Amino acid sequence: MGTIALEGLEFFAYHGFYDEEQKIGNKYSVDIVVTVDFSEAARQDRLSATVNYEELYRITTRVMQRPARLLEHIAHSIITEIRQVYPTVADVEVSVSKFNPPVGGVCHRARITLRG
């Protein structure tokens, strides 16, 4: 088993609990870690035997384009779509961060992490 990770994917998107957040948008960051057996890919040097991180990026981009209220929902959607494309992965962990969240004070980012 091994892991494939994409770190610091950045998007401008229209998510948020408050209606105003969904109108003005914000900057988000996504980190993905997929645990998978890629021993065959390593042995045979074949992309088809592993998880293609370009596809992980495309999945994440599609999800980030759909407005959502909660970061948890975004992470869940990314995990679900990754598992649809790659049903044999052992584990998927997704962290979603919102920059400058509306907390009433200084906060660089709010982040959630979900495994599934």
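Visitor: Over how many bridges do β2 and strand β3 pair in the antiparallel sense?
Guide: This is a predicted model, in which local features need pLDDT of at least 70 and side-chain atom pairs count only at pLDDT 80 or more, while totals for chains, interfaces and linings use all residues. Residues are numbered from 1 along each chain as its sequence is written, and side-chain values use heavy atoms, with hydrogens and water left out. Strands (E, at least two residues) and helices (H or I, at least four) are DSSP runs numbered from the N terminus, and two strands pair if DSSP finds at least two bridges between them. For β2 and β3 (residues 91–99), the number of bridges is eight.

Visitor: Which residue in β3 is the bridge partner of S29?
Guide: Within β3, V96 is the bridge partner of V30. For S29, the partner in β3 is S97.

Visitor: How many bridges join strand β1 to strand β2?
Guide: β1 spans residues 2–13 and β2 residues 26–36, and the two run antiparallel. The number of bridges joining β1 to β2 is 10.

Visitor: Which strands stand at the edges of the sheet?
Guide: The sheet is open, with antiparallel pairing and the order β1-β2-β3-β4. Each edge strand has a single partner strand, so one side of it is left without a neighbour in the sheet; the strands concerned are β1 and β4 (109–115).

Visitor: What angle does the direction of α3 make with that of β1?
Guide: Axes are lines fitted to C-alpha atoms, for helices over the stretch in contact, and angles between N-to-C directions run from 0 to 180 degrees. Neighbouring strands of the sheet are turned by 15 degrees against each other on average, direction ignored. α3 packs on this sheet and touches β1 and β2 (contact: heavy atoms within 4.5 Å), and its angle with β1 is about 35 degrees.

Visitor: Across which strands does α4 lie?
Guide: α4 runs at about 145 degrees to β3. The strands it lies across are β2, β3 and β4.

Visitor: How far apart are the axes of α3 and α4?
Guide: Helix α3 covers residues 53–64 and helix α4 residues 71–85. Residues that meet include L56, I59 and V63 in α3 and I74, I78 and I82 in α4. The helices pack at an angle of about 140 degrees, and the distance between their axes is 9 Å.
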